[in-house]
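Let's take a walk through a protein model together. Keep the sequence and the 3D view open as you read.

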Amino acid sequence: MVKNLTLTGPDLAALLCSRVCHDIISPVGAINNGLELLDEGGADADAMDLIRTSALNASVRLKFARLAFGASGSVGASIDTGEAEKAARDFASVEKKTEVTWTGPRVIIPKNRVKLLLNLFLIAYGAIPRGGSVNVILENPEYDAVFKLIAKGKMMRVPPKLVELLAGTMEEAVDAHTIQPYYTVLLAEEAGMEIEINSTPEEIVFSAKTISTEA
């Protein structure tokens with residue numbers, strides 16, 4: 001068990017909402033800028049291009065957030081891993097700086113596993129801020145699941161807050177900037193999985209493995 005998972009339900013919900021708002025406020029603001037440009041008689045083509053690009057960005061991020069953070073169905077619902085793959089690919093395609101490969105069967109699995117997978121994707125994606133590649137590998141996702149996400153890029157960095165959370169050494173209060181790794185660790189516990197990080201100069205591997213129930 002991870003020691004740091006002490007947020008109350010209302011605090012968790014509030015911080016996750018802040019995180020989602022942070023992710024979509026930029027493209028929504030850009031849409032508004034494009035509309036203002038049209039109102040001022042600016043270049044119609046440039047304004048419409050800005051609006052279209054920003055609207056797509058906002059839509060992709062909202063759809064991703066719905067799967068990664070939202071309820072996505074009733075309690076106990078399951079989700080198709082194909083939906084997770086599409087969400088991850090679309091998320092990366094908007095910024096066009098990171099190539100996503102996805103290996104594994106398309107199956108329907110408990111939603112907490114899908115949410116964990118997508119949150120690990122966000123962490124792996126953020127570990128290569130200048131872009132690169134994220135290889136997602138699903139092994140036996142319906143049963144003793146193993147998820148591996150391999151991040152490669154020019155400027156790789158292991159998220160320090162995730163390391164602190166997993167080690168139980170994080171002393172600072174969780175805020176909107178650290179809520180996403182916190183939620184990832186929480187999802188892993190709920191899904192009966194444990195997260196590991198292995199880093200080399202060539203790549204960072206984030207993995208989640210089903211915890212054995214054998215005595």
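## Before we start

This is a predicted model, so local features need pLDDT of at least 70 and side-chain atom pairs count only at pLDDT 80 or more, while totals for chains, interfaces and linings use all residues. Residues are numbered from 1 along each chain as its sequence is written, and side-chain values use heavy atoms, leaving out hydrogens and water.

## The sheet

Helices (H or I, at least four residues) and strands (E, at least two) are DSSP runs, numbered from the N terminus. Two strands count as paired if DSSP finds at least two bridges between them. Here, five strands make an open sheet with mixed pairing, in the order β2-β4-β5-β7-β6. β2 (98–103) and β6 are at the edges with a single partner strand each, so one side of each has no neighbour in the sheet. From one strand to the next, the twist averages 15°.

Now look at two of the pairings. β4 (residues 132–139) and β5 (residues 146–153) are antiparallel and share eight bridges; for example, Ser-133 has Lys-152 in β5 as its bridge partner. β6 (residues 193–199) and β7 (residues 204–210) are also antiparallel, joined by seven bridges. A hairpin of four residues links β6 to β7, and Ile-195 is bridged to Ala-208 in β7.

## Two helix pairs

Two packed helices are described by the angle between their axes and the distance between the axes. Axes are lines fitted to C-alpha atoms, for helices over the stretch in contact, and angles run from 0 to 180 degrees between N-to-C directions. A crossing is left-handed if the near helix is turned anticlockwise from the far one by less than a right angle, and right-handed if clockwise. Contact means heavy atoms within 4.5 Å.

The axes of α2 and α3 (residues 81–95) come within 9 Å and cross at roughly 145°, in a left-handed crossing. Among the residues that meet there are Phe-64 and Leu-67 in α2 and Phe-91 and Val-94 in α3. This contact has eight nonpolar, one polar and four charged residues. (Nonpolar means Ala, Val, Leu, Ile, Met, Phe, Trp, Tyr, Cys and Pro; charged means Asp, Glu, Lys and Arg; the others, Gly among them, are polar.)

α5 and α6 have axes 9 Å apart, at an angle of about 40°, and their crossing is right-handed. Leu-162, Leu-165 and Leu-166 in α5 meet Pro-181, Tyr-182 and Val-185 in α6. By class, that gives six nonpolar, no polar and no charged residues.

## Spaces inside

On a 1 Å grid over the protein atoms alone, a cavity is a set of points where a 1.4 Å probe fits but cannot get out, while a pocket is an open set with protein on both sides within 12 Å along at least five of seven lines; lining residues have an atom within 4 Å of a point. Grid points are joined across faces, edges and corners, and a volume is the space filled by probe spheres set on the points.

The largest pocket holds about 780 Å³. Of its 26 lining residues, Arg-19, Leu-122, Gly-126, Arg-157 and His-177 lie nearest its centre. The lining has 13 nonpolar, six polar and seven charged residues.
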